[in-house]
Amino acid sequence: MTTDPTTQTLAQLGDTTPEKVTARFAEVRARFDQQAAEHSVKKDADEWKTFVVAWTGRKSGVLTNVGDNWLKPAAKELKPVVGQELNKLKAHVEAALEEKRKEIEAAAEQAAAARDQVDLSLPGVQRAIGTRHLIRQTFDELLRIFLSIGFSVVEGPEIETPYYNFEALNIPEHHPARDNMDTFYIEGARGGHLLRTHTSPMQIRTMEKQAPPVRIVVPGKVYRRDNPDSTHGYMFHQIEGLAVDTDITFCDFKGTVEYFVREFLGPKAKTRLRPSYFPFTEPSAEVDATCHVCGGTGCRVCKFSGWIELFGAGMVNPAVYGFVGYDAAKLSGFAFGMGVDRLAMMKYGITELPLLFQNDVRFLRQFP
Ligand code: DAH
């Protein structure tokens with residue numbers, strides 16, 4: 001290995017004339033050019049740094065060495081040449097390094113851009129979309145049926161006043177019909193508020209706001225202070241129905257109910273009305289359908305009766321019209337209230353209500 005001439009003085013090198021000095025500088029410059037060329041942009045960053053430091057490092061870079069060893073101790077008459085040559089060399093080295101640095105940066109940017117490029121031909125990320133919950137599906141099915149025969153959908157508050165939940169529905173304060181409708185009361189609420197026990201309050205709210213005719217269905221959540229068991233919880237879902245007009249008869253009521261039952265359970269399902277009691281309908285009925293499991297011949301599901309109870313209904317009690325300013329002498333109508341969870345359980349053979357609310361995917365997946 002030859003010693004680096006820049007670690008020696010010019011005198012030591014025997015360069016005593018301007019020509020020799022110039023030649024010596026040319027030699028150094030050629031060495032730099034050669035090394036710079038070897039550092040193609042693809043070489044790694046550490047090697048590049050070492051190269052830069054070897055030439056421009058303050059302590060023992062070639063340029064520093066030339067300054068220290070050639071310029072400072074140079075003979076007086078050579079100093080101007082050495083100084084000029086050194087300046088030229090410096091300018092050359094710095095310009096070359098700067099150019100290289102830019103090249104390297106640009107290449108790095110290009111590489112990064114290439115790395116970040118989106119490949120549209122790759123398969124996309126598959127996300128499980130999930131399905132609508134069985135309750136939602138049942139709501140949709142029920143609403144579809146009623147929308148198809150001219151009902152429209154309204155929704156109302158789950159927090160109600162006793163007036164809308166009871167009084168205006170012809171259930172006064174000490175009426176026994178309140179017994180199975182105990183609910184949750186909102187503490188400190190002005191005038192007393194409660195969680196509605198049925199969707200029937202929306203009959204009142206709708207008729208208060210709207211002149212007849214009325215044809216609405218009301219889907220929603222309702223609450224009761226029930227002890228939880230396989231068919232009861234503190235919350236369940238209902239769809240209320242109300243039709244009021246000047247010429248609605250019991251035949252319209254029966255026809256609508258039968259149409260609904262056939263749509264929901266199939267064309268073979270038969271309907272039966274059993275006398276019942278609700279304060280807000282008169283007469284009142286329980287709507288039964290032929291058992292969807294045995295078709296009416298009797299089985300364990302229908303307790304060998306051939307019939308399954310579906311929901312409560314009736315002709316609107318004229319007393320109710322008095323609460324909303326409707327003319328009871330001119331108007332008539334029918335109403336119904338169905339338990340959505342109950343209908344879903346019946347239709348799909350589910351025996352445990354809590355399954356509907358535990359969000360266990362093993363259960364939910366059975367209803368895609
Ligand atoms: N609101 C009643 C309940 O929750 C259900 C009901 C029965 C609603 C008869 C009606 C109806 O509109 O006519 O038990």
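Me: Leaving aside its neighbours within four places in sequence, which residues is L265 in contact with?

Reply: This is a predicted model, and in it L265 touches A289, H292, L310 and M346. As for where L265 sits, that's helix 9.

Me: How far apart are L265 and H292, in sequence and in space?

Reply: Along the chain, 27 residues separate L265 from H292. In space, their C-alpha atoms are 6.9 Å apart.

Me: Is L265 buried, partly exposed or exposed?

Reply: Partly exposed: L265 has a relative accessible area of 21%.

Me: What does helix 9 lie across?

Reply: Helix 9 (residues 250-265) lies across strand 7, strand 8, strand 9 and strand 10. Against strand 9, helix 9 runs at about 150 degrees. There's another helix to look at on these strands: helix 8 (residues 201-209) lies across strand 5, strand 6 and strand 10. Helix 8 runs at about 40 degrees to strand 6.

Me: Okay, now the sheet. How do strands pair in general?

Reply: Strands of a sheet pair through backbone hydrogen bonds, and the pairing is either parallel or antiparallel. Here, seven strands make an open sheet with mixed pairing, in the order 1-5-6-10-9-8-7. Strand 1 and strand 7 (271-278) are the edge strands, each pairing on one side only.

Me: In which sense do strand 1 and strand 5 pair?

Reply: Strand 1 (residues 152-153) pairs with strand 5 in the parallel sense, over two bridges. To find one of the partners, go to S152 and look across to I216 in strand 5.

Me: And how many bridges link strand 5 to strand 6?

Reply: Ten, and that pairing is antiparallel.

Me: Why is strand 5 described as largely enclosed?

Reply: Count the buried residues. Eight of the ten residues of strand 5 (residues 214-223) are buried, so the rest of the structure largely encloses this strand.

Me: Which strands does strand 9 pair with, then?

Reply: Strand 8 is one partner, joined to strand 9 by eight bridges in the antiparallel sense. Within that pair, S284 has G314 in strand 9 as its bridge partner. Strand 10 is another partner, again antiparallel, over four bridges. There you'll find G312 opposite G337 in strand 10.

Me: Last topic: what describes two packed helices?

Reply: You need the angle between their axes and the distance between the axes. Take helix 3 (residues 45-56) and helix 5 (residues 79-116): they pack at an angle of about 165 degrees, and their axes are 11 Å apart. That angle makes helix 3 roughly antiparallel to helix 5. Their crossing is left-handed.

Me: Which residues of helix 3 and helix 5 meet?

Reply: From helix 3 you get W48, F51, V52, W55 and T56. Facing them in helix 5 are V93, L97, K100, R101 and I104. Sorted by class, this contact has seven nonpolar residues, one polar and two charged.

Key. Residues numbered from 1 in each chain as written. Predicted model: local features only at pLDDT ≥ 70, side-chain atom pairs only at ≥ 80, totals over all residues. Heavy atoms only, no water. Buried < 20%, exposed > 50% of the residue type's maximum accessible area, 1.4 Å probe, protein only. Pairing = 2+ DSSP bridges. Axes fitted to C-alpha atoms, helices over the stretch in contact; angles between N-to-C directions. Parallel < 35°, antiparallel > 145°, perpendicular 65-115°, else oblique. Left-handed = near helix turned anticlockwise from the far one by under 90°. Contact = heavy atoms within 4.5 Å. Nonpolar A, V, L, I, M, F, W, Y, C, P; charged D, E, K, R; others polar.
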